[in-house]
Amino acid sequence: MDKALKSKACILGDQNTSDVVICLKDREGRYQQFYSHSSVLIKRSKYFAKRLSNPNPSNSIYVHCSEVNFDHHVNLLRLLYLPTELIVDALDSVKSAVGILQSAVNFKCDEIVYCCIQYLEAVPWENKEEEHILRAVSKLGPVAMPIIARIQPVDLAATKTVFISAIRIATSIVGPCPPFGNELKTSAQEQVEYMLGEDEDTPLVKADDDVRSVARLGLSHICSTFEKELSSLLLEPDLASETADEKIMHSLSDLEWMCSILGKMDLMKDFVSNWAESSNNVLGVMEDKKLDSFMWRLKIKLIEVTAKVLESVGYGSVILPAPIRLTLLKSWLPYIRKMKPLLDAKSSEDTSFPYKMNEDLCQTIEGAIVTLVLALPSNDQADILADWMRAEQVRYPDLSEAFEVWCFRTKTAKRRLVEALDGTGNATPTL
């Protein structure tokens, strides 16, 4: 659009044939004259048609504009001289098209408005450009519908369909997707997490039975894949290899992502139940002597995932029967108690050793375990506390608070029993 553009015999800037001069001026003093033709202006612009209907001895039309839209006004004048079928091809950027569109609206150039809409509807936008486009078309009415259609909210059924497809890809239910590989799965995981962000449609989508069913299917697939990958570690000839480590960590990362997603979908109970069921198999592999000196990243990550499970059960986010809560504790408490001093020792030997239980993780686990212990039947509490005090490593987790509460409750329970017997003479009082 830098060269003079023709419309029939008229050429913008041709002083010999011009019968009207457009004078552009901004507040900063920038000034430019354009030798124009009334026949072109009247045909292409209702604004100029009205201005030219009033006699003007000077044959000049002054247009005041800002520094920001000065160049857009210039480009608009040049487009007025182009045949309609060439206008869209003459537009060269989203920024320029939005500016020309706004100028065309002000000067009532309907053909150019339509062409700008055509161009903007067809080209890709960046996020920041989308905001400018929306402001420019917000008051244009039906003519802007091609653009509005690109960004208007979809109905709930369409959202649900996309969400289900994303979950299936994110959990690899559909299998590998060559040639995209893990990139597509990672992208799907990010978008599922983003779509679960709080808005008015989120509660409806995540409560849908079909969505929840696919999420549960995805959990089952990820858990099964993780257990298979974990078991295959014992067959690895070289556990120190980066390939073996990356493969199992990728699988565990999917499991950790699933834990986060199910928490947002009110399905954390499903994750916890799966974790409780698979704990014996997982720990059976992790306790194998072949892994004693390897897979430290895997070991700390397993503890982090377990911490989320213990926290959700311990603080009542997930309600499970006492036998399952007891199984979780008896499975993971010995392992955590064993791993904590080992990780601390590795960290002391090598200050660059990255895999250790930080203070926040330790406090989270300790608080959750204390709460879990105190919510068990008294005899189960006694078993866990006795085992804890017999252990060589009594320092972590510190269950002294649970022990004190258990002692107090035991004495109180006995007192209630005696009082009940003295008061009623009933041999089977209810505590």
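Student: What makes the pairing of E256 and K301 a salt bridge?

Tutor: The cut-off is a side-chain nitrogen of Lys or Arg within 4 Å of a carboxyl oxygen of Asp or Glu. For E256 and K301 the N to O distance is 3.5 Å, so the pair is within 4 Å and counts. E256 sits in helix α13 (residues 242-264) and K301 in helix α15 (residues 296-314), 45 residues apart. Helices here are DSSP runs of H or I, at least four residues, and strands are runs of E, at least two, numbered from the N terminus.

Student: What should I keep in mind about the model?

Tutor: It's a predicted model, where local features need pLDDT of at least 70 and side-chain atom pairs count only at pLDDT 80 or more, while totals for chains, interfaces and linings use all residues. Residues are numbered from 1 along each chain as its sequence is written, and side-chain values use heavy atoms, with hydrogens and water left out.

Student: Why is E256 called buried?

Tutor: Buried means under 20% relative accessible area, exposed over 50%, and partly exposed in between (1.4 Å probe, protein chains only). E256 comes out at 18%, so it's buried.

Student: Which residue in helix α15 does E256 tie to across 52 residues of sequence?

Tutor: That's K308, and the E256 to K308 salt bridge is 3.4 Å, N to O. K308 has 34% relative accessibility, so it lands in the partly exposed class. Salt bridges that share partners put E256, K301, E304 and K308 in one network.

Student: How do you know that R30 and D71 form a salt bridge?

Tutor: Their closest N and O atoms are 3.1 Å apart. R30 is in the loop between β3 and β4, and D71 is in helix α3, 41 residues away. R30 is at 36% relative accessibility, so partly exposed; D71, at 40%, is partly exposed too.

Student: Why do β4 and β5 count as edges of their sheet?

Tutor: The open sheet runs β4-β3-β5 with mixed pairing. β4 (31-36) and β5 (60-65) each have a single partner strand, so one side of each has no neighbour in the sheet.

Student: What makes β3 and β5 partners?

Tutor: Pairing takes at least two DSSP bridges between two strands. β3 (residues 20-26) and β5 run parallel and are joined by 6 bridges, so they pair.

Student: Is K340 buried or exposed?

Tutor: K340, in helix α16 (residues 322-349), has 14% relative accessibility, so it counts as buried.
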